[in-house]
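Here is a short note for a colleague who is opening this entry for the first time. Please read the points with the structure in view.

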Amino acid sequence: MPPSSPFLSDVPAAEALAAWQAVCGAAGCPALTEAETVPVQHGVGRVTAEPVWARRSSPAFDSAAMDGIAVRAADTVAATETFPVLLAPESFVVVDTGDPLPEGYDAVVMREHVHRTADGSAELRAAVPPYQHVRSIGEDISATELLLPTGHRLRAVDVAAAAAAGVTELTVRRKPVVVVVPTGDEIRPIGSELGPGDILDTNSLMLAEQAKESGWEARTTPVVPDDPDRIIAALREAAAEADLVVLVAGSSAGRDDYTARVVEAAGTLAVHGVAVKPGHPVVLGAVEGGTPVLGAPGYPVSAALTFEIFAAPMLARLEGAAPRERPFVSARLARKLASTLGSDDWVRVRLGQVGGEIVATPLPRGAGVLTSLVRADGLLVVPAGVEGHHAGEQVRVNLLRGAEEIGRTIVAIGSHDLVLDIAASRLRQADPRITLASSNVGSLGGLVAIRDGLCHLAGSHLLDPETGEYTLPYLDRLLGDGPKVAVIRLVHRDQGLIVPPGNPLGLSGIADLARPGLRYVNRQRGAGTRVLLDQELARLGLDPSGVTGYGREEHTHLAVAAAVAGDRVDTGLGIRAAARAFGLDFVPVAQEPYDLVLRADAVDDPLLAPLWDLLADPGFRAEVEALGGYSCAETGLRIR
Ligand SMILES: Nc1nc2c(c(=O)[nH]1)N[C@H]1C(S)=C(S)[C@@H](COP(=O)(O)OP(=O)(O)OC[C@H]3O[C@@H](n4cnc5c(N)ncnc54)[C@H](O)[C@@H]3O)O[C@H]1N2
Ligand code: MOO
């Protein structure tokens with residue numbers, strides 16, 4: 001095999017799909033899976049390969065639609081409230097719902113409208129039109145009518161209607177079979193003990209389950225090491241039993257990235273590189289003998305999206321069905337969204353309804369951030385020709401969750417704290433319809449979002465160095481004559497120095513940061529924790545330039561703790577929970593309030609009522625305090 005010289009292009013997604021289909025056609029890939037018959041009981045989820053015609057009518061006879069008596073309408077024409085008609089027992093028949101209408105009768109009167117006299121006659125106080133409360137033969141289905149067309153994915157109601165029409169077996173397409181082939185020297189089966197640099201094979205699990213979620217069959221082969229000959233052999237073997245092979249990773253330009261060349265060697269390479277992000281280095285082709293192959297990039301979001309964008313339509317086509325389409329909503333973008341020209345950018349977003357409008361908050365963009373898909377309520381595609389969107393712009397979002405659920409989502413934007421996760425979990429436990437979705441943009445970003453009506457709540461712990469007060473002075477400055485806001489205390493939390501276990505340097509407070517040679521890591525500008533550091537340094541009369549690493553920034557408490565745990569720094573300021581997450585020690589420096597800011601008129605919004613109840617719940621408070629480093633003494637207190 002020649003040395004690595006991958007050719008990566010930027011083919012637009014639709015063109016790439018068409019090129020792939022053309023190559024598959026030329027390689028002799030079947031256009032459709034074979035037809036097979038299944039009992040109606042096993043039809044749900046399958047796609048009809050033939051139209052379904054009704055064999056019999058339903059109902060198969062005229063039948064009573066109500067419990068009561070069957071009558072001849074003509075016998076009742078004279079009946080009125082004042083001059084009832086009396087029907088002798090031989091002039092009517094007692095019937096129940098669903099009974100065949102007795103020969104010679106043409107209407108039904110409900111029991112509750114019939115007065116039975118002592119001699120068994122029936123007294124009617126109103127005339128009855130012919131066919132009243134009668135279900136006529138074929139009301140639902142007429143024999144010979146088309147019940148379901150070809151290419152229809154069967155649902156529960158479809159198979160029931162087919163059975164009612166006398167159909168016992170359905171002709172459907174065989175479910176396409178997907179075989180997933182994971183590759184990579186570093187990839188280990190799920191559940192393995194991991195050595196340095198090892199990665200769990202989560203992609204195979206995800207891709208196979210994506211296929212199954214859509215009703216297809218899927219299998220995964222053992223992991224194939226980065227050896228092109230072995231990958232070719234594995235690909236050929238998989239292709240022999242698959243309708244589509246997904247070859248995982250090795251799609252880009254690294255030394256061990258062989259997918260494109262492997263596909264070329266085992267058949268035909270149709271496309272290497274599409275104008276889609278994430279998913280750019282995708283490989284599309286066909287294996288000799290006629291099996292489509294998708295080379296999915298190794299990053300999990302890229303793998304998931306390329307399956308959706310390329311494999312899913314191909315598999316739906318093989319099954320003779322239309323590709324799945326999701327509904328769109330129009331939403332207001334919570335933040336500015338930059339996007340590079342030349343690629344469709346698939347941005348995962350959280351959605352919530354704020355002030356009568358759906359608001360979309362972009363989630364982290366990295367192709368390795370799988371939780372961006374876990375948390376996404378929708379997908380926003382910024383087309384290749386668009387450079388991005390401004391904050392507040394209306395955008396079209398592909399829905400991944402129901403609109404109702406989105407209407408019941410509490411949107412929190414701002415500084416993030418673990419307590420919000422505990423609240424989210426408890427709210428959901430109490431009521432499965434509620435979601436508390438929080439995204440971390442820092443305290444100041446959250447206040448701006450409140451000002452602009454883009455969220456329900458903003459978590460804030462901003463210290464004002466001049467007054468020593470938290471959050472309130474910022475609200476005055478930022479909001480001025482703007483919307484009136486309320487502030488509810490969530491917790492007090494300890495901020496302190498995160499240090500290695502045993503505190504080897506014996507740090508006792510901020511003053512120690514000026515020690516020569518000590519390696520500090522700071523938080524980004526605008527972070528409440530950084531403001532706290534500056535305030536403490538000023539109070540002690542220390543110059544930031546005396547702190548080695550003052551200019552080195554991390555964006556989260558956890559990232560600071562990770563830097564300490566990895567011995568890249570000696571310490572950083574952060575919350576106790578972050579230290580605990582890495583098994584590190586903690587030197588308390590200050591206790592700070594962490595508050596929830598919201599529009600004043602939102603305090604009584606029924607959406608937020610369960611949250612206020614939760615803040616008063618002793619079980620919740622106990623769980624928070626058990627974390628260590630938190631005090632709930634003022635939790636739920638309205639301070640403005
Ligand atoms: N010089 C360039 N480097 C990269 C490019 C490029 O164009 N030029 N493209 C980048 C983009 S975009 C993507 S996407 C990735 C694609 O990576 P590969 O498909 O080549 O995959 P690997 O490099 O083998 O792995 C990437 C990443 O994914 C992890 N991985 C792999 N398999 C699995 C699995 N089964 N389950 C979970 N995770 C998996 C792997 O360990 C790596 O972390 O390339 C960029 N680089
Ligand atoms: O295309 Mo890659 O999937 O952007 O990260």
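1. Start at ligand 1. Helix H3 gives the most to the shell around this ligand, with three residues. Two elements give two or more residues each: helix H3 (202–213) and helix H6 (300–318). The shell holds 27 residues, and Asn203, Ala249, Ser251, Ser252 and Gly298 come nearest. By class, 13 are nonpolar, 11 polar and three charged. Keep in mind that this is a predicted model.

2. Ligand 2 comes next. The residues around ligand 2 include Lys277, Pro278, Gly279, His280 and Pro281.

3. Now the whole chain. The protein chain has 16 helices and 37 strands. Its radius of gyration is 34 Å, while the globule rule gives 26 Å for 640 residues, so the chain is more spread out than a compact globule. The C-alpha trace spans about 110 × 75 × 45 Å along its principal axes. Buried residues account for 44% of the 640. Of the contacts between residues at least 6 apart in sequence, 77% join residues at least 24 apart.

4. Turn to the six-stranded sheet. It is open, its pairing is mixed, and the order is E16-E13-E17-E21-E20-E18. Strand E16 (217–220) and E18 are the edge strands, each with a single partner, so one side of each has no neighbour in the sheet. On average, neighbouring strands are turned by 20° against each other, direction ignored. Two helices deserve a look here. Helix H1 (residues 13–26) packs on the sheet and touches E18, strand E20 (283–287) and strand E21 (291–296). The direction of H1 makes about 175° with that of E18. H6 lies across E13, strand E17 (244–248), E20 and E21, and runs at about 165° to E21. H6 is also one of the elements in the shell around ligand 1.

5. How do the strands of this sheet pair? Strand E13 (residues 177–182) and E16 are parallel, over four bridges. Valine 180 has threonine 220 in E16 as its bridge partner. E17 and E21 also pair in the parallel sense, over four bridges. There, valine 248 stands opposite alanine 296 in E21. E20 and E21 run antiparallel, joined by five bridges. Alanine 286 has proline 292 in E21 as its bridge partner. E20 and E21 form a hairpin with three residues between them. Glycine 289, in the turn, has a positive phi of about 100°.

6. Is strand E21 buried or exposed? Six of its six residues are buried, so E21 is largely enclosed by the rest of the structure. Thr291, Val293 and Gly295 point one way from the strand. Pro292, Leu294 and Ala296 point the other way.

7. Histidine 272 sits in strand E18 (residues 267–272). Why does histidine 272 count as buried? It has 24 other C-beta atoms within 10 Å, and the cut-off for buried is 20 or more. Histidine 272 and leucine 454 are 182 residues apart in sequence. Their C-alpha atoms are 40 Å apart in space.

8. There is also a three-stranded sheet. It is open and antiparallel, in the order E6-E4-E7. Strand E6 (93–95) and strand E7 (107–110) stand at the edges with a single partner strand each, so one side of each is left without a neighbour in the sheet. Neighbouring strands here are turned by 35° on average, direction ignored. Strand E4 (residues 68–71) is joined to E7 by four bridges. One pairing to find is alanine 70 with valine 108 in E7.

9. Finish at helix H13 (residues 557–565). Its buried residues include His557, Val560 and Ala561. Ala562, Ala563 and Val564 are buried too. What do the buried residues of H13 pack against? They meet strand E32 (485–499), strand E33 (520–523), strand E34 (553–554), strand E35 (571–575) and helix H14 (576–581). Aspartate 567 follows H13 and has a positive phi, near 60°.

Terms used:
Residues are numbered from 1 along each chain as its sequence is written. Chains are lettered from A and ligands numbered from 1 in the order in which they are written. This is a predicted model: local features need pLDDT of at least 70, side-chain atom pairs count only at pLDDT 80 or more; totals for chains, interfaces and linings use all residues. The radius of gyration is taken over C-alpha atoms; the globule rule is 2.2 Å times the number of residues to the power 0.38. A residue is buried if 20 or more other C-beta atoms lie within 10 Å of its own, exposed if 12 or fewer, and partly exposed in between; C-beta atoms are placed from the backbone. Two residues are in contact if their C-beta atoms, placed from the backbone, lie within 7 Å. A residue is near a molecule or strand if its C-beta atom, placed from the backbone, lies within 6 Å of it. Ala, Val, Leu, Ile, Met, Phe, Trp, Tyr, Cys and Pro count as nonpolar, Asp, Glu, Lys and Arg as charged, and the others, Gly among them, as polar. Two strands pair if DSSP finds at least two bridges between them. Axes are lines fitted to C-alpha atoms, for helices over the stretch in contact, and angles run from 0 to 180 degrees between N-to-C directions.
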